[in-house]
There are 4 protein chains.
Amino acid sequence: MPLRVTIWNEHVHERRDPSVGRLYPDGMHGAIAAGLRRELGDRATVRVATLEEPEHGLTDEVLAETDVLTWWGHAAHEKVADDVVDRVQARVLDGMGILILHSSHYSKIFKRLMGTTCALRWRQDRGGEREVIWTVNPGHPIAAGVPHPIVIEHQEMYGEFFDVPPPDELVFVSSFAGGEVFRSGMCYTRGAGRLFYFGPGDQEFPVYHQPEVQRVIANAVVWCAGAARGNDLPSDRGQSPNTKRDWYLQPA
Amino acid sequence: MPLRVTIWNEHVHERRDPSVGRLYPDGMHGAIAAGLRRELGDRATVRVATLEEPEHGLTDEVLAETDVLTWWGHAAHEKVADDVVDRVQARVLDGMGILILHSSHYSKIFKRLMGTTCALRWRQDRGGEREVIWTVNPGHPIAAGVPHPIVIEHQEMYGEFFDVPPPDELVFVSSFAGGEVFRSGMCYTRGAGRLFYFGPGDQEFPVYHQPEVQRVIANAVVWCAGAARGNDLPSDRGQSPNTKRDWYLQPA
Amino acid sequence: MPLRVTIWNEHVHERRDPSVGRLYPDGMHGAIAAGLRRELGDRATVRVATLEEPEHGLTDEVLAETDVLTWWGHAAHEKVADDVVDRVQARVLDGMGILILHSSHYSKIFKRLMGTTCALRWRQDRGGEREVIWTVNPGHPIAAGVPHPIVIEHQEMYGEFFDVPPPDELVFVSSFAGGEVFRSGMCYTRGAGRLFYFGPGDQEFPVYHQPEVQRVIANAVVWCAGAARGNDLPSDRGQSPNTKRDWYLQPA
Amino acid sequence: MPLRVTIWNEHVHERRDPSVGRLYPDGMHGAIAAGLRRELGDRATVRVATLEEPEHGLTDEVLAETDVLTWWGHAAHEKVADDVVDRVQARVLDGMGILILHSSHYSKIFKRLMGTTCALRWRQDRGGEREVIWTVNPGHPIAAGVPHPIVIEHQEMYGEFFDVPPPDELVFVSSFAGGEVFRSGMCYTRGAGRLFYFGPGDQEFPVYHQPEVQRVIANAVVWCAGAARGNDLPSDRGQSPNTKRDWYLQPA
């Protein structure tokens, strides 16, 4: 069965800012979807959801049919409803993968799953600056087939200290022309679900059209989907193997 | 300067349940404080705060003067005000240590810092059962001077799967008479602060009077206090070392 | 292309000890191979290599055609030639997976890859004792479809402290009837290769015939094979992206 | 009792290469010792050992009286005797701290403790290039009081992929003028001992005279000394807490 991917985009900049609209006439979600289709072909089915849809397009039904959710937000983090965030969090802990892109580091869902401020250093000059992305874990599946380094000529600078928990696996580290560094590819486990944060992707630059970036996103989607269905028992009660006394599961 | 420790206790069971009141006539906080005083002597000053105090005894002033906060809650997690939780979380990320004890795994502050459900298996039979605590990181300062194993004759069973993120450091693993296992000593970094979760400590048993448990708690307080004051600049703006272009810090 | 698995077994006990020979008339490698065939079918091709073969059956050619090597040794660790250990280590760092089983914790190759003594507590009484294996990472692919807990009625006790580096991922923790605990499923990355240590499997008990154990081994083989081909450049020289000055790769 | 630090230096370049001799007339060990004395004062006693001494100055007696060993080697890694490496490794696993500096990434002892090739990218042009060192774990004691970033104007480039196991804690990440990045401050636990790798320090530049670098080295020495004395029993035999059956410890 193909992976079921839902691409979520707040879809604000593309309609509001002409410079962004020119780069992404089909929305950033369109570019991300095109990359996934090229990289994964029949191995994935892709749907799109945006902020302005009812329940932001993330109903229980959609989430139940989603193996991996990708998230892009920037201008409208606060407009995302808390109950939708609750629902996405619960689904991640239940095993759905989630890919957090660029400025979504400040989204409600990412902050919720990290427990930290998720603040960072940043600089957005006209024209951006060169980001060079190095692989520090060459056997990691998310780095498969990726050049070493990936060079993105024009990017917004994101730099350390990035206030997130130490990742379970660090895959990419970037440098910027200014000399800053950034942990730009990080893996986390939360409950039975997997999360990957990937730094590149400002709306002012054509980053999501770049094939190497699309390759990383496709690899990350496959990795995020690689969690097993949690193997705990569905029941809320059982017996100890040694003494046959009852135990209970706490409700989540 | 001595470590400044604040012991927080919801202080409900001791006053409501006669069996608990007999075990802890001075409250569980009293037993924890006595253990810290015996183990750390002049190296620490200890104060107590409880749920029923204004702002639960955790004002900005108290938190500003606290290097390590210990937390015990069980019956009244939901009565802890969200703005106090916000304040404690911010202070942890800013560098205060926090020690989460036993059933506080289901407290608002712990769930907030973990991002997961924090659910677990449990069993509370009359009389409890034996917990055997093994050190899996013998050089860790929290295990200093601790017997291998620590045996607690009567305890509530807490078992896996414990839904928390993989810890940065795993120090203790327990077995229970029923055959269950539990990651009962875990270290986390959150922002500039350190967190330790320690499993033992049910209100129905005299666990906090046991010297080995008091030793672990004292060690953990010292470890939690060992974070450096964050070395980032306090300013919200600066220049890149290479290109002298400005960068900004995001507000937390 | 199917996974290419090589099952290595020292194959000493089965021929020397009648009790072991009765349990494993086709060698422990035979039971492990049967389990892999049942679980993976066409997804894997399996070959066997043993200590007494020239170069222990692990020539450059065999290793070059091996995606995952499983290792079982106990009585003859010292008879494994150092140059074969060198070769296996190099191949792991180059991306081959390796599954270390039970008493192979004291093999040359495991000690080489860990850098520690790999010593542990143990007890082998007649009849063994019950081991109960709990999953502490329910979304991990190695735990897929595995009961929680797995119960092995008769096993040798292996207990903490197990002197290995903290694992990159902890998947299973066991308890034993005596009250001991053991980190019985651990993932490591070494170079571009993946390593999994799995505790169960003493020669005196029919552990490798148990379907749940076979399932874990099959899952682990697939996980170990999941490393990407290292994405670094094969050349030993290149230019910095920013200044176009030359860099060099050190020879391994 | 003050920390007992032994500074080991191969002490080859300083005597052979006039450019190095001018930078380090008292040897690199002299500059490192001066930094430790300034930073730690009475809190540490410092002694020096070099390659040309009998047993390289690292007898059983010296190691028994050493809490933390710092290591600098480059030109003569192969001249270090294997039995001295065995002895240092055993002492680290027993709880001694070790600080691995710069080109010592290719020393026998570091490779032994890592289990990998420890290869990396490098470039040594006349005049070197700027290294900018960022803290990615601001509460870590090794980063205490360290500027963010540390700028070293002239350094040899060390870049990723650095073939070491994923660290237990990542403290510093560097960028170089060429755009490369490097995990330049990494913490490891091995047995009961702690290891820190710190990247800066080429012999051609006055890096060890730089106060910020001396501060990091002093912090790292204190952190490496912070391991508890292993809390396992010294005996090689005992009884299970539950069944009172005997267990054994394997010899290291």
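The paragraphs below take up the relation between copies, then an interface, then the strands that cross that interface.

This is a predicted model. Chain C is superposed on chain B by a rotation of 180° with 0.0 Å of shift along the axis, at an RMSD of 0.0 Å. The two copies are thus related as by a two-fold rotation axis. Within chain C, the residue that comes closest to this axis is C:Ser175, whose C-alpha lies at 3.1 Å. Of the interface residues of chain C, 100% are also interface residues in chain B, so the copies meet through the same surface.

Chain B also has an interface with chain A, where 47 residues of chain B are in contact with 47 residues of chain A. Between them these two chains bury about 3,600 Å², 48% of it on carbon and sulfur atoms. On the side of chain B, 20% of the area buried against chain A is supplied by B:Arg121, B:Arg245 and B:Gln250, more than by any other three residues.

Several elements of chain B supply at least two residues each to the side that touches chain A, among them helix H5 (82–93), helix H6 (108–114) and strand E10 (181–190). The largest share, four residues, comes from E13(B). By residue class, this side of chain B divides into 20 nonpolar, 14 polar and 13 charged residues.

Strand pairing also links chain A to chain B. Strand E13 (residues 246–249) of chain A runs antiparallel to E5(B), and two bridges join them. In E5(B), B:Trp122 is the bridge partner of A:Tyr248.

Conventions:
Residues numbered from 1 in each chain as written. Chains lettered and ligands numbered in written order. Predicted model: local features only at pLDDT ≥ 70, side-chain atom pairs only at ≥ 80, totals over all residues. Heavy atoms only, no water. Least-squares fit on C-alpha atoms with pLDDT ≥ 70 in both. Contact = heavy atoms within 4.5 Å. Buried area = accessible area lost by both parts, 1.4 Å probe. Nonpolar A, V, L, I, M, F, W, Y, C, P; charged D, E, K, R; others polar. Pairing = 2+ DSSP bridges.
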